[in-house]
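Hello,

Here is the structure I said I would pass on. Please open it first and then read the notes below it.

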Amino acid sequence: MQKHKVVTIQRHIVEQERLFPRATGDFTGLMWDLTLAAKTISREVNKAGLADILGITGEQNVSGDTVKKLDVYANERIFKAMDHGGHLCVMASEENEDIIPIPDEFPKGKYVLMFDPLDGSSNIDANVSVGTIFSIHRKKTTGKEATIEDCLRKGTEQVAAGYIVYGSSTMMVYTTGQGVHGFTLDPSIGEFLLSHENIKIPSKGKIYSINEGNANTWDEGTKKYIAYLKESDAATGRPYSLRYIGSLVADFHRNLLYGGIFLYPADYKDPKKPKAKLRLLYEAAPLALIVEQAGGLASTGKERILDIQAAELHQKAPLIIGSKEDVLMYEKFFKQK
Ligand code: AHG
Ligand code: MN
Ligand code: MN
């Protein structure tokens, strides 16, 4: 007899949807399409070292980063997997300047999907973990066609959010506001199986993740906070260990399981115009929903990420995310300056 029951992601999603008496099965269909895209991208990422898919296309995405071929592949995969199911009314991707309409020939649905198709893509040539991040909202406008207003949202309005990490194994982690659940892809049967039920982030960690090469551009609060983490004090568990992969999904995933804090503060080279790097709608807001559902916090230093109303599709935000006590401590330092 098997010791544990085997729960596929499909079964889990159906059971989650049943918790909502008025659910139509639409959300289950949407997630089903998304898992197919995830499996296809996982296959491509795994064989990236072998295929001729590696290399730089030479184009730049709207945020000015160099686009790798696998970004383009992942972007197309998600679009093609999601365009015809009848669940979505519009999509938006880190790789597309404008909102992505559903082609005319397909039925439109009530959900909005926003995604970072391949996160950490600069790591791909070195066989380092990369990921996909997604955020799902309900259509907000009442007209027949969805508009950009359906994408410019507050994180608190998300219906669901999640990520896939293509690591030593492929995992999908998602929340619909009923806790955070993790599934590991069993490649032999091509199914995501429940491996991490109801994930909770430790209330305090011993890891900090930040690009220290940027230290000269940090505000005074961040400088003091990082110096504080490096001091020795057994009573408060310091010094912390630095762990920085440079793939947000992978850094976030590790800290979610082990506890700790990830920081991408704004660049204060021009103190009048602080410049953030990570994108609110495709990176910060979905991970913020997950971390809060797991008992952690996500902040800009002075504002809760989930409370930010997006004004632009590719808006950026400082992101300080992780264990509750660690993020609260950062906020104290950030406020003091
Ligand atoms: P993307 O590959 O989607 O453009 O995201 C890259 C992001 C994120 O994954 C990571 O945390 C961060 O960029 C790393 O930035 P630095 O190289 O500036 O540290
Ligand atoms: Mn990214
Ligand atoms: Mn990306």
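**Strand 5 and its neighbours**

Leu88 has Tyr111 of strand 5 as its bridge partner. This is a predicted model, so please read everything below as computed from it. Strand 3 and strand 5 run parallel and are joined by five bridges. With strand 6 (residues 130-138), strand 5 pairs in the antiparallel sense, over seven bridges. One residue to look up there is Asp119, whose bridge partner in strand 6 is Gly131. Strand 5 is mostly covered, with nine of its nine residues buried.

**The manganese site**

Which residues hold the manganese ion (ligand 2)? Its protein donors are Asp116 (OD), Asp119 (OD) and Glu283 (OE), and they lie 1.9 to 2.2 Å from the ion. Written as a sequence pattern, the spacing of these donor residues is D-x2-D-x163-E. Asp119 lies in strand 5 and Glu283 in helix 6, so this pair ties together parts that are 164 residues apart in sequence.

Are Asp119 and Glu283 buried or exposed? Residues under 20% relative accessible area count as buried. Asp119 has a relative accessible area of 5%, so Asp119 is buried. Glu283 is at 1% relative accessibility and therefore also counts as buried.

**The nonpolar cores**

In soluble globular proteins, nonpolar side chains tend to be buried together. In this model the largest nonpolar core has 44 residues. Those with the most contacts inside this core are Tyr163, Phe252, Leu256, Leu287, Ile305, Leu319 and Ile321. Several elements supply at least two residues each, among them strand 3 (88-93), strand 5 (111-119), helix 5 (248-258) and strand 15 (319-322). Helix 6 gives the most to this core, with nine residues. Domain 1 (9-196) and domain 2 (207-336) each contribute at least three residues to the core.

What does Ile321 touch, once its neighbours within four places in sequence are left aside? Its contacts include Phe252, Phe262, Leu287, Val291 and Val327. Gly260 and Ala298 are also among the contacts of Ile321.

There is a second, separate core of 38 residues, which includes Leu30, Leu88, Leu113 and Phe134.

Regards

Technical notes
Residues numbered from 1 in each chain as written. Chains lettered and ligands numbered in written order. Predicted model: local features only at pLDDT ≥ 70, side-chain atom pairs only at ≥ 80, totals over all residues. Heavy atoms only, no water. Core = buried A, V, L, I, M, F, W, Y, C linked by side-chain atoms within 4.5 Å. Buried < 20%, exposed > 50% of the residue type's maximum accessible area, 1.4 Å probe, protein only. Helix = DSSP H or I, 4+ residues; strand = E, 2+ residues; numbered from the N terminus. Domains from an automatic or database assignment. Contact = heavy atoms within 4.5 Å. Donors = N, O, S within 2.8 Å, 3.2 Å for Na, K, Ca; no water. Pairing = 2+ DSSP bridges.
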